[in-house]
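Colleague: I have a protein model open and would like to learn how to read it. Could you walk me through some features, one at a time?

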Amino acid sequence: MEETVYCKKIDVLVLRKDRKRVGSKNLIRKKFLTIKRDNGVCIFFKGKCLLGKNAPYLCRMYPVYFKIDKKEKSIIWFRHKKISLKKLNEKKKIAIEFLEAASRKELKEYYKIVDSLNLKEIEEEQIQPKFFSIIKRKL
């Protein structure tokens, strides 16, 4: 897995559903649950991510982020760096999994991270009514 902003720069939000894959002994609680660091670097980053597909959702989604517009019932997609259309679509799928897995509290922390980054808006798309009815309780 490629290097992300979470490897060296900022703490990654680890969801409760990420814990088993990452291993609880590798986690620490700050404002939210995150992976331990060694000299400011994620303990799983050794030139590349050692967790691969077991990495937290946010690492696997990188460089794609989203925000939900409750009023418009839409999802606004952002990117932290350039990404191909194929990769964008792969990352969107992971982002939807993240949205389904995250608690209301975890989503609030996620939005704080999104707001702290310099992101470029990619697109906005409508959320399917059935899916929106499921996630609106978390917003």
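Colleague: Let's start with Cys59. Where is the place of Cys59?

Modeller: This is a predicted model, so every value here is computed. Cys59 has its place in helix α3.

Colleague: Is Cys59 buried or exposed?

Modeller: The idea is to compare the relative accessible area with a cut-off, and buried means under 20%. Cys59 has a relative accessibility of 9%, so Cys59 counts as buried.

Colleague: Which residues is Cys59 in contact with, leaving aside its neighbours within four places in sequence?

Modeller: Contact is judged on heavy atoms within 4.5 Å. By that test, Cys59 is in contact with Met1, Thr4, Tyr6 and Val12.

Colleague: Let's turn to salt bridges. How many salt bridges does a search of the whole structure find?

Modeller: To spot one, look for a side-chain nitrogen of Lys or Arg within 4 Å of a carboxyl oxygen of Asp or Glu. The search of the whole structure finds 11 salt bridges. One of them is between the side chains of Lys8 and Glu3, with an N to O distance of 3.7 Å. Lys8 is partly exposed, with a relative accessible area of 43%, and Glu3 is partly exposed too, at 40%.

Colleague: Which residue forms a salt bridge with Arg37?

Modeller: Arg37 forms a salt bridge with Asp11, and the closest N and O atoms are 2.9 Å apart. This pair links distant parts of the chain: Arg37 is in strand β3, while Asp11 is in the loop between α1 (5-8) and α2 (19-22), 26 residues apart. Arg37 counts as partly exposed, at 24% relative accessibility. Salt bridges can also join up into a network, and here Asp11, Lys30 and Arg37 are linked in one.

Colleague: And what do the side chains of Asp115 and Lys67 meet in?

Modeller: They meet in a salt bridge, at 2.4 Å from N to O. Here too, distant parts of the chain are linked: Asp115 is in helix α5 (residues 104-116) and Lys67 is in strand β5, 48 residues apart. Asp115 counts as exposed, at 52% relative accessibility, whereas Lys67 is partly exposed, with a relative accessible area of 26%.

Colleague: What is the phi of Lys73, and where is Lys73 found?

Modeller: Phi of Lys73 is near 55 degrees, again positive in a residue other than glycine. Lys73 is found in the loop between β5 and β6 (74-79). Its relative accessible area is 44%, and Lys73 is partly exposed.

Notes:
Residues numbered from 1 in each chain as written. Predicted model: local features only at pLDDT ≥ 70, side-chain atom pairs only at ≥ 80, totals over all residues. Heavy atoms only, no water. Helix = DSSP H or I, 4+ residues; strand = E, 2+ residues; numbered from the N terminus. Buried < 20%, exposed > 50% of the residue type's maximum accessible area, 1.4 Å probe, protein only.
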